[in-house]
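This report describes a protein chain for a reader who is new to structural analysis. Please examine the sequence and the structure shown below before reading on.

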Amino acid sequence: MPKGLHDSTITIPIDFVWSFVSNMNNWAPLVPGYMEHEIINDRESTWKFKGDIGIVQKTVHLKIEIIKWEEPTKVTFQLTGLSENFKGNGYFLAKELSGRETEITGCLDITAKGMMAPVVNPILKSLIPKTTKEFTESVVDKMANDMRILVT
């Protein structure tokens, strides 16, 4: 399964991290290639974004379902392709390093299914780690910016 894992440390208390990642509206727009998302309920949403698969750019439509909220440390989700045949899962994990410092880990694990899987999965193996890093860093940057706004 093509997988990406990225860690980042941020000078923000874990409670603030939790308040950010526990709301999908905060992080859905940070997905690389984001176009739009719709909240269905507190655990489900659909996301639409443009993705590059090799030399082909596609509009991808996903269903995201939160599997578990583990306050204040972890949000686990699964994703299902609505426009493409793939499945995956991921999480955000927060680890308190000190009262004001938190390590954030983002993880994405996505596999193409069906006839195109042998062609698409090798591309995803190089794409998913890059996307995971970009997504996790965008989340961290947005949290830092939101924290600065709150403090000033």
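Predicted model: local features only at pLDDT ≥ 70, side-chain atom pairs only at ≥ 80, totals over all residues.

Asp 146 is buried, because its relative accessible area is 19% and the term applies under 20%.

Both residues belong to helix 3, which covers residues 117-151. Asp 146 and Lys 142 are four residues apart, which corresponds to about one turn of the helix.

## Salt bridges between separate parts of the chain

The structure holds three salt bridges. One of them joins the side chains of Lys 63 and Glu 44, at 2.9 Å from N to O. Lys 63 lies in strand 4 (residues 56-70) and Glu 44 in strand 3 (residues 44-53), so this pair ties together parts that are 19 residues apart in sequence. With a relative accessibility of 27%, Lys 63 counts as partly exposed, whereas Glu 44, at 18%, counts as buried.

Another salt bridge is formed by Lys 58 and Glu 84, whose closest N and O atoms are 3.2 Å apart. Here, too, distant parts of the chain are linked: Lys 58 is in strand 4, and Glu 84 is in the loop between strand 5 (74-81) and strand 6 (86-96), 26 residues apart. Lys 58 has a relative accessibility of 31% and counts as partly exposed. Glu 84 is partly exposed as well, with a relative accessible area of 26%.

## Overall fold

How many helices and strands does the chain have? There are three helices and seven strands. Along the sequence, these elements follow the pattern β-α-α-β-β-β-β-β-β-α.

Among contacts between residues at least 6 apart in sequence, 50% join residues at least 24 apart.

## Size, burial and surface

For 152 residues, a compact globule would have a radius of gyration near 15 Å; the chain has 15 Å, so it agrees with this expectation. Taken along the principal axes, the box filled by the C-alpha atoms is roughly 50 × 30 × 25 Å.

Buried residues account for 40% of the 152 residues. The chain exposes about 8200 Å², of which carbon and sulfur atoms supply 53%.

Key: Residues numbered from 1 in each chain as written. Heavy atoms only, no water. Helix = DSSP H or I, 4+ residues; strand = E, 2+ residues; numbered from the N terminus. Rg over C-alpha atoms; globule rule 2.2 N^0.38 Å. Buried < 20%, exposed > 50% of the residue type's maximum accessible area, 1.4 Å probe, protein only. Contact = heavy atoms within 4.5 Å. Areas by Shrake-Rupley, 256 points an atom, 1.4 Å probe, with all protein chains shown as cover. Salt bridge = Lys/Arg side-chain N within 4 Å of Asp/Glu carboxyl O.
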